[in-house]
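Please keep the sequence and the structure in view while reading.

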Amino acid sequence: MEEVDVEPSTTLIPGAGFHQKHLGFEWGPGDLLVYETNYKLQGPRSASSPSVHVVRRDEDICSPILRKLFNESHLIFVGLQKIKEDVPSKNKKSQFVSISKNYRSVIRACMEELQQNAGKPSQYGDQVSILLAIELIWNLCEVLFIDAAPAGSLLLHLLDWVRLHKSDVDTRAREVLQSDSPAQHQSYWDVVISLVLQGRTDEARQVLSKQASLRAESSSVFKRMDVLLQNMPIFNPAGTQTLTEFDVKWRHWHEECDRCLQDNTFASNRHLETICKILVGDEDTLLEQRELLSTWYHFLVTRLLFTHPTIKPPDLHYYAQSSMNMFLGPRASPEPLDIILLSAFEFDLHQVIKDCSIALNNWWFVAHLTDLLDHCKLLQSHNLQCVSHIRSSYLSYMHVCVSLWQLAVDYFDHCPEFGRVYLELQIERVPLDTERKAIKVLRICEDRQMSEQVRSICKIMAKRALRNNRLGSALSWSIRAKDAAFATLISERFLQDYSNKGFFTDLDLLDNLGPAMLLSDRLTFLGKYREFHRLYGEKRFSEAARLLLSLMTAKIAPRSLWMTLLTDALPLLEQKEVIFSVDQTYELMSCLEDCFSSVFQDEDIESTKTELLRLALARNLAMAIVKEGTIET
């Protein structure tokens with residue numbers, strides 16, 4: 001019966017402070033929320049002050065080594081998403097197996113690097129243990145679900161699985177063979193038996209030959225064992241032999257081993273007799289090798305190797321359950337890892353994912369494995385929403401380390417149910433430390449048409465630039481945000497800065513505003529006023545005069561700059577060549593009177609500047625009348 005999901009219970013911590021109330025806490029993605037409850041302490045209060053413990057984030061995931069794991073697995077994840085959906089799953093099986101192996105190689109490389117870089121026995125110790133368990137579970141899921149090995153091949157894959165995760169045998173074998181007297185080494189027989197337990201008969205024969213060469217009187221016994229090990233049938237999926245033919249051959253060999261045992265062929269050597277009992281699959285003898293087997297699943301695979309090598313996938317669950325019970329015994333309770341592996345042997349994918357979500361301290365494994373299984377079309381019998389939910393849960397965990405935020409975008413893009421919502425929320429939490437980082441975030445939002453987030457980022461950066469008096473950057477960000485009010489404010493600051501300094505800054509930006517200057521009237525004026533200065537600097541006086549006049553007559557210039565604009569006309573009025581026509585001169589005169597009456601009527605105006613303008617306008621009017629009259633004549 002499936003276990004009912006329930007909310008985790010609140011854990012109470014002995015109280016702190018004057019009221020001595022219990023404290024409750026809830027774990028978040030890397031953080032801990034601690035709160036005071038209404039429950040008071042019962043019994044006598046402690047005379048000493050309550051202890052306060054510092055609860056820190058799980059900083060291990062921000063280590064450079066684990067970041068490498070996240071980065072490399074992200075590349076594999078992105079590649080997996082590119083596999084075409086219209087191709088039948090069966091035709092993509094080899095691709096999925098290859099991707100699964102790539103994931104496992106990344107895990108193993110990370111695990112080995114963690115072991116090499118551990119300064120203390122405890123440093124990274126938990127992470128190494130977790131990665132070991134993850135790789136063990138993933139490898140088994142690859143064999144049972146992704147590769148879906150049939151009878152015959154199934155046991156070969158399980159043997160490889162055991163050998164990979166029981167590598168201490170190789171270390172001890174090297175130690176024995178490299179010693180001065182291998183046959184006299186204290187671990188000699190442990191190595192031989194361990195190799196037999198893993199089905200590595202050729203290597204076992206090689207080690208046995210060391211002992212046989214020293215014992216001439218019992219060479220026949222060793223030779224007999226060598227023949228048995230040599231003749232042990234091993235199924236070859238690529239060969240021409242059928243599974244039935246292999247089964248018949250294996251049974252003949254098994255009967256031969258049993259006859260040797262019944263005839264007491266190896267009675268003179270207890271070690272060889274133990275090996276013979278292993279070859280016939282004697283369960284009591286196998287259980288006596290608990291220390292060499294070390295785990296119930298190693299015991300399971302060895303048991304199948306010597307009793308049922310043609311095991312079919314549907315029959316695995318029976319042998320798995322009985323092997324675990326036999327190996328652990330009635331007193332020992334299975335660990336969470338044992339429960340997960342048993343669920344896998346029972347082909348209960350949903351339970352495997354559920355138990356991994358509970359037992360492991362991160363979502364990396366669950367998210368990536370679930371995604372791969374979903375691509376293999378193995379989760380169709382379950383609620384597919386769980387795929388998106390688990391993937392998103394992993395991301396919330398991963399973002400404890402802010403440097404990983406860019407990886408999350410691709411994951412969110414492939415979460416059909418909640419990805420967009422989670423991405424929007426996550427973008428708001430990314431600290432915009434630099435403009436370069438802000439531009440990265442902005443491009444991500446623009447590529448996904450996240451207009452609200454684009455405006456928000458641009459406004460934040462524009463305000464920050466304005467506070468730092470970086471007007472060009474502030475204007476650029478406000479234009480990207482399409483914020484007319486803020487663009488107007490910054491344009492005012494530009495004009496104030498011009499009034500104070502007598503020249504414009506950030507010319508590259510102002511000279512290339514283009515259609516963006518239409519965002520607000522003040523920005524339009526700023527852009528056109530800068531264009532006037534550029535035309536004047538290029539001695540294109542007629543164009544500059546027309547533009548200056550249009551700025552004044554269009555009434556988009558701030559009143560505080562009217563006199564400045566008229567003063568800018570003085571050099572043009574004093575040119576030898578007539579620049580302003582009669583009509584344009586009259587318009588300038590009208591602007592001067594409007595400026596005088598509306599802006600400066602209550603101020604102490606510099607009469608000299610006003611008189612200069614009036615004289616210049618009168619002089620230009622006379623010259624323009626003469627010129628235009630001459631032309632008409």
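## Ser323 and its surroundings

Contact here means that heavy atoms lie within 4.5 Å. The model is a predicted one, and in it Ser323 touches Trp296, Phe299, Leu300 and Arg303, when residues up to four places away in sequence are not counted. Ser323 has its place in helix α14, which covers residues 316-328.

Is Ser323 buried or exposed? With a relative accessibility of 0%, Ser323 counts as buried, because buried means under 20% relative accessible area.

His74 is placed in helix α1 (residues 64-81) and is buried, its relative accessible area being 10%. Leaving aside residues up to four places away in sequence, His74 touches Leu407, Asp410 and Tyr411.

Gly527 belongs to helix α26 and is likewise buried, with a relative accessible area of 3%. Gly527 and Asn512 are 15 residues apart in sequence, and their C-alpha atoms are 8.7 Å apart in space.

## Aromatic pairs and a charge over a ring

How many aromatic pairs are there, taking ring centres within 6.5 Å as the rule? The count comes to 23 aromatic pairs. One of them joins Trp250 and Trp253, whose ring centres are 6.4 Å apart and whose planes meet at 45°, so the pair is tilted. Trp250 and Trp253 are three residues apart in helix α9 (residues 243-262), and therefore about one helical turn separates them. Trp250 is buried with a relative accessible area of 4%, and Trp253, at 3% relative accessibility, also counts as buried.

Tyr529 and Phe532 have ring centres 6.2 Å apart and planes at 0°, so this pair is stacked. Both residues lie in helix α26 (residues 521-537), three residues apart, or about one turn of the helix, and both Tyr529 and Phe532 are buried. These two residues also belong to one aromatic cluster, formed by Tyr498, Phe504, Phe525, Tyr529, Phe532, Tyr536 and Phe541. Elsewhere, the charged end of Arg290 sits over the ring of Phe327, 5.5 Å from the centre of that ring.

## The span of helix α4

Helix α4 (residues 153-164) has 12 residues, which should span 16 Å at 1.5 Å a residue; the C-alpha atoms at its ends are 17 Å apart, which agrees. The expected span is 1.5 Å times one less than the number of residues. Within α4, the buried residues include Ser153, Leu154, Leu155 and Leu158, and Leu159, Trp161 and Val162 are buried as well.

## The chain as a whole

The protein chain contains 30 helices and three strands. Of its 633 residues, buried residues make up 46%, and the accessible surface of the chain comes to about 33,500 Å², of which 50% belongs to carbon and sulfur atoms. Among contacts in the protein chain with a separation of 6 or more, residues 24 or more positions apart account for 63%.

Key. Residues numbered from 1 in each chain as written. Predicted model: local features only at pLDDT ≥ 70, side-chain atom pairs only at ≥ 80, totals over all residues. Heavy atoms only, no water. Helix = DSSP H or I, 4+ residues; strand = E, 2+ residues; numbered from the N terminus. Buried < 20%, exposed > 50% of the residue type's maximum accessible area, 1.4 Å probe, protein only. Areas by Shrake-Rupley, 256 points an atom, 1.4 Å probe, with all protein chains shown as cover. Phe/Tyr/Trp six-rings, centres within 6.5 Å; stacked < 30°, edge-to-face > 60°. Lys NZ or Arg CZ within 6 Å of the ring centre and 35° of its normal.
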